[in-house]
Amino acid sequence: MAIQTIPTQPFAGQRPGTSGLRKKVAVFTQPRYLENFVQALFDVLHASGSEAQALNGQTLVLGGDGRFYNRTAVQIILKLAAANGVARVLLGRSGILSTPAVSAVIRRRQAFGGIVLSASHNPGGPEGDFGIKYNAGNGGPAKETLTEAVYARTQVVRELRISDAPDIDLDRLGLQQLEHMQVDVIDPVTDYAAVMRELFDFELLRGMFQRGFRVRVDAMNAVGGPYARAILESELGAPTGTVVHAEPLEDFGGLHPDPNPVNAEDLINHMQGLDAPDFGAAMDGDADRNMVLGRHFVVTPSDSLALMTAHARLIPGYQGGLLGVARSMPTSAAVDRVARALDLPCFETPTGWKFFGNLLDAGCVSLCGEESYGTGSSHVREKDGLWAILFWLNLQGATGKSVETLVREHWRVHGRNYYTRHDYEGIAVDAANALMTDVRAELPALPGRRFGSRQVVLADDFSYTDPVDGSVSGQQGIRLMFDDGARVIFRLSGTGTEGATLRLYLERYEADVAQQDQPVQQALAELAALAEQVAGIRGRTGMTGPTVAT
Ligand code: G16
């Protein structure tokens, strides 16, 4: 066994996006591609400055969603870590840790940071995607200053420090040695389950299952399966089979582990059947996203955040009340209305969970959420799929009300924010950039302009100044806001791996209870036409409509 110094050449394009570096497996498996990125990360962590201390002698957490290349990548990272002065790695057994579990382990074990191997909701398998991201000592995604420093380093990295020791046994719990570094293979669920026990009324949930409350959780053949099985079935007594597609597979069984009404069609069909369970939910590849459904009823992520905020005091972990709430800019303003009613601070951040970290650390907010099927709280620094499922279960148990009743009551009190996101996937990058540049150029002329009954009151490119550290993030999405509260937002996705994805977010508010039951796409058709008028999406892309509308 020896630590070797190996020459390498930089790869172009290793800039982390919305949530880490995501690329096709074929890109990641090029010799030294992963090695370069991880060496650059370690170099930056060593250089300190952006972190309180350097990496030497520290503990890192490591695990991923089990997708293709996960096991190989774990072995490579361990050998780089051993050669770069890391003292100890807490590794999820078989290389498995969900994203929220990485966050929980970092926080509970006070680790220096952690590495998550996941491309989240992107498809897996040899033809699919792979990804890697670094989480800091607070358990949350690294800030942009750090990811930018890593990117800069990838452009000049010339040397890898790596051990030539044999692979460790990923499947054996307990301590193993790699050079001077200890590898502690831990059960992936234990720490996470302990956090859930602190937040939710497990007795109440056990009682619900005993009385025959029926749940279907679709883990989409991804990493959430073992967590949901351990907590719902083994600990809370839900019948075996409550969690379906529960085995994490390297290619997610060919499914697209993106819990939205399009990709989780099987769950939607079950929830619409005559014998539908009381509650349904799905998680994504790394189990940080969630979709929740009642019988014959789909809850939008934006409404989910609003309802959680409204009812938080019914949940043991939040019975003292919330400090505040935050949502990403494109997420609907439903939660803002609840925050106003409860007199809670409400923050609007750019897309990306990393922007919630400072607000959570500074005690400004307790709950956060995004339109992209993410909700979470101060218990970790990631969004958390199973947490959201337990929250909704606890809420139904505490109120004795169904999902549909809860949401309809909410709309009656607070009004309904009709909301949809239209994705135009696989657009040529140049065409997508040109669209954004041209719409940006039109912005100064838009305020005051009328579109039918609506008038534009604000047209800008969202810029965020972090209230905690003063950092500024510009060009975070083009917003058109109207005098009736409606919004149209254009943004390019930062998580795709092929071409560009244009996201068009549409929202309008409806206070009239008699008007709250329209089909969503119909309720927002006028705004969709307006967006087309402003941006000419069809002409520019040659597409006749969005590839996905959720
Ligand atoms: C990531 C980020 C989220 C973001 C989502 C979509 O989620 O953590 O904050 O909302 O991507 O981002 P975009 O619109 O840029 O594609 P995940 O679950 O993919 O890690």
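I began with holes: this structure holds 3 cavities of 30 Å³ or more. A cavity is a set of points on a 1 Å grid over the protein atoms alone where a 1.4 Å probe fits but cannot get out. The model is predicted, with local features needing pLDDT of at least 70 and side-chain atom pairs counting only at pLDDT 80 or more, while totals for chains, interfaces and linings use all residues. Residues are numbered from 1 along each chain as its sequence is written, and side-chain values use heavy atoms, leaving out hydrogens and water.

Next I looked up the largest cavity, which has a volume of about 60 Å³ (the space filled by probe spheres set on the points). Its lining residues (an atom within 4 Å of a point) include Ser-19, Arg-22, Asp-286 and Lys-383. I sorted the lining by class and got 2 nonpolar, 5 polar and 5 charged.

Then I turned to helices (DSSP runs of H or I, at least four residues). Helix α6 (residues 190-199) packs on helix α13 (residues 385-399) at about 25°, with axes 11 Å apart. That makes α6 roughly parallel to α13 (angles under 35 degrees count so). Which residues of α6 make the contact? They are Tyr-192, Met-196 and Leu-199, against Leu-386, Trp-387 and Leu-390 of α13; contact means heavy atoms within 4.5 Å. This contact has 6 nonpolar residues, no polar and no charged.

My last pair was α10 (residues 301-311) and α11 (residues 334-342), whose axes come within 7 Å and cross at roughly 15°. α10 and α11 are therefore roughly parallel too. Their contact has 7 nonpolar, 2 polar and 1 charged residues.

Definitions and conventions
Axes fitted to C-alpha atoms, helices over the stretch in contact; angles between N-to-C directions. Helix = DSSP H or I, 4+ residues; strand = E, 2+ residues; numbered from the N terminus. Parallel < 35°, antiparallel > 145°, perpendicular 65-115°, else oblique. Nonpolar A, V, L, I, M, F, W, Y, C, P; charged D, E, K, R; others polar. 1 Å grid on protein atoms, 1.4 Å probe; cavity = no way out; pocket = protein on both sides within 12 Å on 5 of 7 lines; lining within 4 Å.
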